[in-house]
Amino acid sequence: MKVASLLGMVAFLGLLLLSLGYHAKIKRRLALAGASCCLSLGALCLLLAVTPGGNFYGPVLAAGSTEQKLAALTFDDGPCRPYTEQILDILRDKDVRATFFVVGRNALQQPEVLRRIQKEGHLVGTHTQNHKDLLRLEADEVNREMAEGIESIRAITGERTSYLRPPHGFKDFVVMEQAGRLGLTVVNWNVIPRDWTNPGVSRIVENVMTNIRPGAVILLHDGDSPGGTGSREQTVRALPLIIDRLREAGYELVRIDELQK
Ligand SMILES: [Zn+2]
């Protein structure tokens, strides 16, 4: 069931209770208490859908279950020139393997960048075909967004990915069910440096370092949502500092599939 349908149901139930109370069919105090329970339940359902680590709707990999100092750098929304290539240069020079969740339509526009991601040993996951908010779509549209995202990657790299990062990390029962049908592991994050807001290079680095813990999945961006023109220059400048600081702190940087093990 879509989270939107759940919200509709609890809203209907809340209004029904208020109406019954208003017409003195039930005690007004009971009606108010019931309606506020419905409101809280609706807010909770929505919160669980948009919280990156929530497992209420199904299993989400938001962190590795390890005490070892392992962490995974993940990049969303690319491929996007020139940032993806700059990031790849840094990762190559620092001998780091990362995970890229690519938007299918971006990949089709820049297939050679995606091929380079794969060739240099990084893990490729899908960030769907068009980066739509999956919570707003019907089940068949959700399936299509994921399946086309997988196919775009396969057409360019020859490999079928089994990792999905839903746009914005949003998920509900429909998203999780369709991901399961397509054999996709849903990957979110537990360290969010908010690089897409361009808060400054040192702020991005500190946001990582103050929240780092064993098994961390770090959310960064090498692109912007389709049609967006946000600069990822700060991410590019922060990346070498993040890698150096994490290594100084004893962390080994791995791909999501390695973290999952
Ligand atoms: Zn995204």
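Which residue is the bridge partner of alanine 71 in strand 8? The partner is leucine 253, and the pairing belongs to a predicted model, in which local features need pLDDT of at least 70 and side-chain atom pairs count only at pLDDT 80 or more, while totals for chains, interfaces and linings use all residues. Residues are numbered from 1 along each chain as its sequence is written. The protein contains 10 helices and eight strands, where helices (H or I, at least four residues) and strands (E, at least two) are DSSP runs numbered from the N terminus. Its C-alpha trace spans about 75 × 40 × 35 Å along the principal axes.

**Overall organisation**

- Of the 261 residues of the protein, 43% count as buried, a residue being buried if 20 or more other C-beta atoms lie within 10 Å of its own, exposed if 12 or fewer, and partly exposed in between, with C-beta atoms placed from the backbone.
- Among contacts with a separation of 6 or more, 76% are between residues 24 or more positions apart, two residues being in contact if their C-beta atoms, placed from the backbone, lie within 7 Å.

- The domain assignment, whose bounds come from an automatic or database source, gives domain 1 (3-50) and domain 2 (60-260).
- The centres of domain 1 and domain 2, taken over C-alpha atoms, are separated by 37 Å, and the contact takes four residues from each of domain 1 and domain 2.
- On the side of domain 1 that touches domain 2, helix 1 (3-22) and helix 2 (28-50) each supply at least two residues, and the residues of that side divide into four nonpolar, no polar and no charged, where Ala, Val, Leu, Ile, Met, Phe, Trp, Tyr, Cys and Pro count as nonpolar, Asp, Glu, Lys and Arg as charged, and the others, Gly among them, as polar.
- The axes of helix 1 and helix 2 come within 8 Å and cross at roughly 170°, these axes being lines fitted to C-alpha atoms over the stretch in contact, with angles from 0 to 180 degrees between N-to-C directions.
- Helix 1 is therefore roughly antiparallel to helix 2, a label for angles over 145 degrees, whereas those under 35 count as roughly parallel, 65 to 115 as roughly perpendicular and the rest as oblique.
- The contact of helix 1 with helix 2 has 19 nonpolar, four polar and one charged residues.

**Strand 2 and its partners**

- Strand 2 (residues 70-76) is largely enclosed by the rest of the structure, because six of its seven residues are buried.
- Strand 2 runs parallel to strand 7, to which six bridges join it, and leucine 73 stands opposite isoleucine 218 in strand 7; two strands pair if DSSP finds at least two bridges between them.
- Strand 2 also runs parallel to strand 3 (residues 99-102), with three bridges, and phenylalanine 75 stands opposite phenylalanine 100 there.
- With strand 8 (residues 252-253), strand 2 pairs in the parallel sense over two bridges.

**Aspartate 222**

- Aspartate 222 lies in the loop between strand 7 (216-221) and helix 9 (233-248), and counts as buried because it has 31 C-beta neighbours inside 10 Å.
- Leaving aside neighbours within four places in sequence, the contacts of aspartate 222 include Phe75, Asp77, Phe100 and Arg232.
- The C-alpha atoms of aspartate 222 and threonine 84 are separated by 5.3 Å, although these residues are 138 residues apart along the chain.

**Helix 7**

- Helix 7 (residues 173-181) has Val174, Val175, Met176, Gln178 and Ala179 as its buried residues, and what covers them includes helix 6 (139-157), strand 5 (163-164) and strand 6 (185-187).
- Glycine 183, which follows helix 7, has a positive phi near 70°.
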